[in-house]
Amino acid sequence: MTTDQSLPIAAIVYRPTDHIEPVLLEAARALAELGVRLGGILQHDIPTTINDPCGMELEDLATGERFPLSQDLGSGSEACRLDPNALAHAAVAVRGALERGTQVVFINKFGAQEACGSGLRSEMAMAVTSGVPVITAVGERFLAEWQHFTGGQSTLLEPKVADILAWWRALPARN
């Protein structure tokens, strides 16, 4: 774990073999049990059929609402299944949580969309500039783009719930 408290933003760095979603969900549950007001979105994998392991949905942590992240493009399609409307819905969820005074924002990933300048990148920046801590996951392959986005001023964590909770407790000013 590397720590730089210049920005209240943490990234769980993961490898392709790591199952990061359960780690983020468990950390969110643990923080909620401590009374922390959560905001943001986390991903749940929901295989729709045995032959289709790519079904995904997002959960709005502030409201509990779940909505599809992947779209059905029909059999044989090789196009990206990410639903752009779901990203817009997720952005609204994050912005709404910030307006309601969330104490921490979870964003499921800084992935391909964010690495190329779109996705939920603006919402991450909005949270941090508002002083609201952000927790996300960054695949090793996007670590250079993450470091560029944060100016190298983030905390990098192992994919362990204990590390996420220790980061939270170490923040100097928690609302």
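Which residues do ring pairs link into a cluster? They are Phe110, Trp146 and Phe149. The structure is a predicted model, in which local features need pLDDT of at least 70, side-chain atom pairs count only at pLDDT 80 or more, and totals for chains, interfaces and linings use all residues. Residues are numbered from 1 along each chain as its sequence is written, and side-chain values use heavy atoms, with hydrogens and water left out.

**View 1. The aromatic pair of Phe110 and Trp146.** Three aromatic pairs occur in the structure (rings of Phe, Tyr and Trp, the latter by its six-membered ring, with centres within 6.5 Å; planes under 30 degrees apart are stacked, over 60 edge-to-face, the rest tilted). Phe110 belongs to strand S5 and Trp146 to helix H5 (residues 143-150), so the pair ties together parts that are 36 residues apart in sequence. Helices (H or I, at least four residues) and strands (E, at least two) are DSSP runs, numbered from the N terminus. Both Phe110 and Trp146 are buried (under 20% relative accessible area, with exposed over 50% and partly exposed in between; 1.4 Å probe, protein chains only).

**View 2. Strand S6 and its neighbours S1 and S5.** Six of the six residues of S6 are buried, so S6 is largely enclosed by the rest of the structure. Val134, Thr136 and Val138 point one way, and Ile135, Ala137 and Gly139 the other. S1 runs parallel to S6, joined by six bridges, and Ala11 stands opposite Thr136. S5 is also parallel to S6, with four bridges; here Phe110 faces Val138. Strands pair if DSSP finds at least two bridges between them.
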